Amino acid sequence: MDSIQARLQQVQEQIRNAAEQAGRQGDKIELLAVSKTRPVPDIEAAMAAGQVAFGENYLQDALSKIEALRDSSAQWHFIGRIQSNKTRPIAENFDWVHSLDSIKHAQRLNDQRPEQLTALNICLQVNIDQQASKGGLTPEQLPEAIDKIQAMPRLKLRGLMVIPAPATELEAQRQPFSQLRQLRDNLATPELPLETLSMGMSGDLTAAIMEGATIVRIGTAIFGPRPPMNRTSNNA
Ligand SMILES: *Cc1c(COP(=O)(O)O)cnc(C)c1O
């Protein structure tokens with residue numbers, strides 16, 4: 001099996017190729033390494049290969065790793081479901097939250113963000129294809145959420161995030177990403193450019209980059225297949 005370092009290089013190359021195909025600059029696309037369920041040594045291996053940003057879904061699992069890597073330069077992005085009673089550790093330990101989908105949670109994160117830290121970077125998750133099983137605001141709910149969050153000084157609204165239903169064909173994969181980009185284009189203002197489009201995973205990163213992704217969230221292609229989760233011991 002390839003090493004994490006070799007896989008990371010392959011993913012970076014895939015990003016460069018997709019960017020070139022799309023007439024975009026590859027260095028404008030940030031690679032978020034999704035390290036959920038992965039042990040600390042895997043994260044250290046990725047860091048040794050130059051990776052800085054890591055995405056985590058399961059809070060308890062994430063907190064122990066953040067603690068273990070406290071003195072490193074790792075940057076932590078929360079990308080999982082948010083529970084109301086678990087917002088404080090998110091506000092205290094993460095640099096970004098990609099999966100915000102409620103004004104109530106926004107208010108809690110704002111109130112709980114420690115003063116000595118910079119504002120928490122936020123992407124609003126959008127449920128663009130009405131999947132019952134997925135979190136996310138509907139496009140109709142976005143304007144109000146954006147207004148409210150803009151008034152929260154400890155949050156910095158950076159853009160939108162989507163997890164579309166899986167599709168295999170490139171054209172089908174592009175569609176929800178294109179919709180997210182258009183939604184962003186319609187909502188953006190000079191004061192609030194919403195420059196971040198967090199979209200694309202291992203199976204659809206090329207499609208996402210063609211449609212303007214600025215952060216791709218890649219797990220399997222870097223770390224290999226994930227072991228099955230024991231959901232009772234984690235806050236999924
Ligand atoms: C797990 C996960 C990813 C990474 O998925 P892969 O298919 O392993 O690349 C990206 N985003 C979110 C929100 C995830 O939960």
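Mentor: One term before we start: a polar contact is a pair of N or O atoms within 3.5 Å. Also keep in mind that this is a predicted model.

Trainee: Thanks! How far is an oxygen atom of the ligand from an N or O atom in the side chain of N57?
Mentor: That distance is 2.7 Å, so the pair falls within the 3.5 Å cut-off for a polar contact.

Trainee: And what about S202 and R226, how far do their polar side-chain atoms lie from a ligand oxygen?
Mentor: For S202 the distance is 2.5 Å, and for R226 it is 2.8 Å.

Trainee: How much of the ligand does the protein bury?
Mentor: The protein buries 90% of the 390 Å² that the ligand exposes when taken alone.

Trainee: Where does the ligand sit, then?
Mentor: In the largest pocket.

Trainee: Which residues surround the ligand?
Mentor: They are V34, K36, N57, I79, I163, M201, S202, R217, I218, G219, T220 and R226. By type, the shell divides into five nonpolar, four polar and three charged residues.

Trainee: Changing topic: where is E56?
Mentor: E56 is in strand β2, which covers residues 53-56.

Trainee: Is E56 buried or exposed, and why?
Mentor: E56 counts as buried because its relative accessible area is 0%, and buried means under 20%.

Trainee: Which side chain does the E56 side chain have a polar contact with?
Mentor: The side chain of S35, at 2.7 Å.

Conventions. Residues numbered from 1 in each chain as written. Predicted model: local features only at pLDDT ≥ 70, side-chain atom pairs only at ≥ 80, totals over all residues. Heavy atoms only, no water. Helix = DSSP H or I, 4+ residues; strand = E, 2+ residues; numbered from the N terminus. Buried < 20%, exposed > 50% of the residue type's maximum accessible area, 1.4 Å probe, protein only. Polar contact = N/O pair within 3.5 Å; in protein donor to acceptor, adjacent residues only side chain to side chain. Near = heavy atom within 4 Å. Areas by Shrake-Rupley, 256 points an atom, 1.4 Å probe, with all protein chains shown as cover. 1 Å grid on protein atoms, 1.4 Å probe; cavity = no way out; pocket = protein on both sides within 12 Å on 5 of 7 lines; lining within 4 Å. Sits in = over half its atoms within 2 Å of the grid points. Nonpolar A, V, L, I, M, F, W, Y, C, P; charged D, E, K, R; others polar.
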